[in-house]
Amino acid sequence: MNRKITIVAGDGIGPEIMDEAIKTLQAVSDRFGHQFQLDQRPVGGTAYDRFGDCLPEATLESCKNADAVLLGAVGGPKWDSLPGTKRPEQALLGLRSNLGLFCNLRPAKVWGPLKDASPLRPEIIGDDLDLLVVRELTGGIYFGGHRRNVEGNLAEDVMAYSAAEVERIARMAFELAQKRRRHVTSIDKANILEVSRLWRETVIRIATEYPDVKLDHLYVDNAAMQLVRNPKQFDVILTGNMFGDILSDEASQITGSIGMLPSASLRSDGFGMYEPIHGSAPDIAGKGIANPLATILSVAMMLRMSFGLVQEADAVERAVAETLESGIRTADIARPGEIPATTAEMGSAVAARIA
Ligand code: IPM
Ligand code: MG
């Protein structure tokens with residue numbers, strides 16, 4: 001198979017973790033005989049420094065022409081004082097909206113060998129915690145317009161959803177649930193927000209098309225509590241852009257480290273951008289200690305979801321499991337007193353287990 005992948009490593013630890021994702025892709029192409037043409041492009045603060053633009057036109061064009069996009073992370077203190085519209089985070093939102101990636105999948109599962117890294121008691125996480133956050137990604141308060149008055153003492157951000165936007169993300173959640181434990185929990189704030197009342201009505205209507213899937217609703221405050229009280233009750237969590245952003249960080253901690261969680265951002269035709277859910281971690285950038293597994297697992301999601309390469313995706317995930325079983329841990333998941341593996345050592349350990 002021959003596929004074009006645009007690589008946008010971005011800022012902070014982005015380039016370090018991306019090197020390890022590229023090692024993984026190389027190992028997969030050697031082992032299974034595929035051709036992956038990688039087009040590396042600047043994005044985020046790094047692109048701003050070079051071109052005065054966090055999302056240069058050439059980067060966006062390359063992404064549009066690719067079969068899939070792999071992204072590291074964007075942002076950092078260096079660019080925090082830029083006006084809102086110029087910030088590196090805007091490049092990420094620009095990619096999501098320009099590429100039409102409305103469906104963000106964030107699977108949170110506990111890897112057996114990492115149970116001791118979770119801050120929750122073993123009986124709370126159980127043996128096989130595995131939930132999937134389905135986050136709407138191109139609407140809601142992120143995209144409703146952001147304003148400040150001339151005096152600078154009043155600001156507003158608009159949260160809006162159309163029924164059509166809710167319908168398409170709800171269908172994705174129900175379809176994914178059918179392949180899992182057939183349970184969707186839709187999360188909103190319908191006791192306060194009109195947007196949430198439309199969200200809930202729409203989800204209830206779409207649910208009638210999927211009678212085999214059980215549907216529950218939770219208010220977001222309760223959901224935040226339930227995630228640490230009894231995370232095993234969840235299968236698929238369906239929610240809007242901002243609640244999904246917040247709850248997916250919370251879910252990541254249940255699994256031990258945000259450095260373990262991959263994500264896929266999809267369009268309905270299967271095109272996708274894949275990225276770790278963590279940020280650019282400027283505090284540890286350049287030290288070679290970041291955990292590359294979230295990015296490596298994002299490669300597995302790309303192989304499976306955009307390219308249909310199931311065996312190859314399984315091989316990457318198996319290599320990650322075996323690496324963790326052999327006790328190799330980066331600093332974020334290392335046990336007390338242990339000398340942690342570097343980013344490159346972790347990436348090489350995984351690649352060696354694919355070959
Ligand atoms: C994420 C990140 C982004 C978001 C930021 C970097 C814009 O937190 O992907 O969760 O808020 O969506
Ligand atoms: Mg986030």
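**Notebook: ligand 1 and its surroundings**

I started with Arg106: one of its polar side-chain atoms lies 2.8 Å from an oxygen atom of ligand 1. I count a polar contact as a pair of N or O atoms within 3.5 Å. The model is predicted, so local features need pLDDT of at least 70 and side-chain atom pairs pLDDT 80 or more, while totals for chains, interfaces and linings use all residues. Residues are numbered from 1 along each chain as written, chains are lettered from A and ligands numbered from 1 in written order, and side-chain values use heavy atoms, without hydrogens and water.

Arg135 has a polar side-chain atom 2.8 Å from an oxygen atom of ligand 1. For Arg96, I found a side-chain N or O atom 2.7 Å from an oxygen atom of ligand 1. The protein covers 78% of the 320 Å² of accessible area that ligand 1 has on its own (Shrake-Rupley method, 1.4 Å probe).

Then I listed the shell, taking residues with a heavy atom within 4 Å. I got Glu89, Leu92, Arg96, Arg106, Arg135, Tyr142 and Asp245. Five are charged, two nonpolar and none polar. Here Asp, Glu, Lys and Arg count as charged; Ala, Val, Leu, Ile, Met, Phe, Trp, Tyr, Cys and Pro as nonpolar; the others, Gly among them, as polar.

How values were computed:
A polar contact is a pair of N or O atoms within 3.5 Å; within protein, one must be able to donate a hydrogen and the other to accept it, and residues adjacent in sequence count only if both atoms are side-chain atoms.
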